[in-house]
Structures are given as C-alpha cells and as structure tokens.
Amino acid sequence: EAFRGVRQPGPARARAVTRQLPDSVLSCVVDLLGRGDPVVVASALLALEGRVLPSDLVARIVELLGHGDTAIAASARLVLEGRVLPDDLLERIIGLLGHPDTAVAASARLVLDGRELPDDLLERIVTLLANPDRALAERAASLLENRDLPDHLLAPIVALLADSDPLVVWSALSVLEGRDLDDEILSRIVELLEHGDPLVVWSALSVLETCELDEEILSKIVELLEHESPEVVAGALGLLENRDLPDELLARLVGLLEHEDSSVGHGARSLLAVTDLPGDVLSQVVDVLEHDRPPVVAHALGVLRDKNLTDDVRARIINLLEHEDVTVVGHVLQVLEGRDLPASVISRVIGSLERRDPSIVGGAHSVLRGRHLAENVLHRIGGLLGHGSPSVVVGALELLQGRDLPPDVLVRVVGLLSHEESVVVWRLPEELPADPARSAEIRQALGTHAWRCPPQRGRQRSASR
C-alpha cells in the first residue's frame, strides 16, 4: 500500500519479500552502498534480497541497476525481481533497456520480464520495436512476446509490418507469433510471404504455424519450396506436415531430399516419413539410395524406416550394410529394427560391429535385441569392451545385457569396474550369474562381490548424498 499505481509482478517471478532487517543493520548496509568498490556494493545489495525496504532505498537500488558495473547490476536485479515497484521506477527501468552495457540492459529486461505493466508503459515498449538499436528492439520484443496485449496495442505492432526495415518487420512478427489473429491481420502476414527479405518470409511462416490455413494460403506456402533461402524452404516444409498432400507435391518433396542444405533435406524426410506414399513416389525414394552423398542416402533411409517394404527394396537396403559411410550403416540398422530377418542378414549385422562405430553398435543393439546370439558372436561383441570410445563400450554392454556370457567375456565385463568413464561403470549389469562351476579365473575376477551393486557405483552413490 506504500505506492500508488503499482503493478504486482507475475506469479512466476514472485518472491517473498517479508523479512525485516533491524534499523541498525539496514543503516550499515546502506552505508556500504556508497562505497566505491563494486564488489562491496554488490555484496551489500545481496544482503537486501527478500527484505522489506523503504521506498527511497528501492529507488536508490534502481539507480544502482544502471550503475554500469556487471556485478552491481546483477545484484540489483536480484533485489528488484519479484518486488512491487511503482510506475515511475518501472519507467526508469524501461529506460535502461538501451543501456550501452549489455549486462545492465539484460538485467533491466529480467526485472521487467513477466511483470504486469500498465498500458502506457507497454505502449512505450512497443515503440522500441522500431528503434535503430536492434539489441534494444529485440529486448523490447522479448518483453512483449507471450503477453496478452489489448487491440489498441496490437494495432501499432501490426502497422510495423509495412516498415521498410526488414529487422523492424521481424521484431513485429516475433511479437505476433503464437497469437489468435483475426482475418485482417492474417492477410497482412500472408502478404509478407512475397517479401524480398528471407528473414521476413521465414518469420511470417513462423507466425502462420499456429493459424488455420485455407487452400489459397497453402498454395502460397508450396510456392516457397522453390525459394532461394534454405531457411524459408525448411520453414515451408514445417507448415505442410500433417496435411493431405497431392502425389505431384510428394514427388517434389522427394527431390528436396537431395537439397544441399541439410535442414531442407531433414524437413523433407520428416514430412515424407509420416505420409502414406503411393507406389511411384516410394520408388523414387528407393532410387535415392544410390545417391553419392551419404547424408542424402541417410534421408532416404529415414523415410523408409517405418514403411512396408518389398523383398527387393529390403535387399537393396541390406546391401548398404557395407556402405563406406558409417552414418549410412547406422540408418540401415534403424530400418531393419523389428523386421523378420534371415540368419544371413543377422550375420551381416554382427559383421558391421567390426566397424566399431558408436552409431553402428547402437543400431545393432536395436536389431539384435531379443534374438539368440551364438557364443562366437558374444566373443566378437566382448572384443568391443576394450574399445577406446566409451560409446562403443556402452553399446557392447547393452548387447550383452541379460545373456549367459562365456567365461572370458564375463571377465572382460568385470574388468570394466575400474573403467575411467563413469558412463561405462553405470551401464554394468546390476547382477551377474554366480555359477560355482565357472573357472577359477572368473571366481578370482569376481572376488567376493555379490554383484548386487558394483563397488565403484556404490561409492559414487554415497559421494552424491
């Protein structure tokens, strides 16, 4: 009640400001705020966090927020965050958003973030969207995003869509993103799909992502698949997801798998992977498996991962297990996961482990999980336990989980208790079989441990308490 015209901070940022300092202590702390040493001032400010303070001291802390020292600004922010502030102090903090010291400006933004502000102060922040200082404009935009704004404040933001500076238009679009927009505003944004600046087009697509789109708007988005900017093309692909697309367009998307920019290829793959493809389009995807660029082949495999495959297509994919690029082999294994495979293919999957690459070992685990593995195969997997890459070792351990291990492989597993990488130790099985008939070498390696919890893991758990 001490201030008139105050606005409470948002509940997500609210802190309890209930503790009272004795007057003598408060007087000493205030004296320290006048010191010339920034470290002393910053420390004194921290002593005031969460305390009930007189209004003149709060005003002084706002002044210290703009002091220009990073530590002082950060400490002042902690004192001011979640505290009820009068409008005149909030206005002064808004003035610090353009401070030449970025740490001070960032601290001012954090004090204002999530706080309920009166319309006149919000209007002032809206005007900052067109400020030539782009860092200031971005801070203003971040304060307005996700904030419920009345129509009379949205109107000047929409007006900025016609600004000649693409960065100003981008700031306005970032504020409009995620809002329920009327048809008039929506049409203004659709017009920006033909803007000459890729940043504006991409931002307009981001705004449209949460809007209901009719066929006319969708046709304009499809046209952007020919845009020179990869970011725009990727953005357009994102808006076409979960829609009923004609076969002709699906065929065009297959061509985008070969795009030089990986974000475009990835976007086309994601879209095609969740679409029921007609036979001719699926054949086009299979033809991409012969491409000379491994990332393109990987995109095609990503499309085929959950598709029903003919024996001929499956054979072409299996042949890629010998591909020179290990990432391609890893994607082949993902396609083979969960499929009915003959023993000859299982043997080739096991053979791929000799490449000793984390992506291959992980993919092989997915394919071999739940399948019976002969003893000679377990020996081959056990040979990976000495690999220099922790990821390969972990993958090998996962392949061995739940299996009756040959004596020499079991000894290798036990030896990993002293592995320098904790990620390996934590992947060791919680319990191994204690068969009295095992060799003396195994019993010696196991020692007296019951294998309910490996010793190193027990120590790590105790240390973390």
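**View 1. Packing around helix α18 in the predicted model.** The buried residues of α18 pack against α16 (262-273), α17 (279-287), α19 (311-319) and α20 (326-336), where a contact means heavy atoms within 4.5 Å. Helices are DSSP runs (H or I, at least four residues; strands are E, at least two), numbered from the N terminus. Helix α18 spans residues 294-304 and is mostly covered, with nine of its eleven residues buried; among them are Val 296, His 299, Gly 302 and Leu 304. Buried stands for under 20% relative accessible area, exposed for over 50%, and partly exposed for values in between (1.4 Å probe, protein chains only). This is a predicted model, in which local features need pLDDT of at least 70 and side-chain atom pairs count only at pLDDT 80 or more, while totals for chains, interfaces and linings use all residues. Residues are numbered from 1 along each chain as its sequence is written, and side-chain values use heavy atoms, with hydrogens and water left out.

**View 2. Leu 225 and the largest nonpolar core.** The largest nonpolar core has 152 residues, and those with the most contacts inside it are Leu 48, Ile 189, Ile 221 and Leu 225. Such a core is a set of buried Ala, Val, Leu, Ile, Met, Phe, Trp, Tyr and Cys residues joined through side-chain atoms within 4.5 Å. Not counting residues up to four places away in sequence, Leu 225 touches Val 233, Ala 236, Leu 237, Leu 240, Leu 249, Arg 252, Leu 253 and Leu 256.

**View 3. Two asparagines with positive phi.** Asn 146, in the loop between α8 (134-144) and α9 (151-159), has a phi near 60°, a positive value in a residue other than glycine. Asn 146 is exposed, with a relative accessible area of 78%. Asn 242 belongs to the loop between α14 (230-239) and α15 (247-256), and its phi is also positive, at about 60°, although Asn 242 is not a glycine. Asn 242 is exposed as well, with a relative accessible area of 76%.

View 4. The pLDDT, which is the predictor's confidence in each residue from 0 to 100, averages 85 over the protein, and 88% of the residues score at least 70. Over residues 1-16, however, pLDDT stays under 50, and the model has 37 contacts beyond four places in sequence for this stretch. Residues 434-439 also have a pLDDT below 50, with nine contacts in the model beyond near neighbours in sequence.
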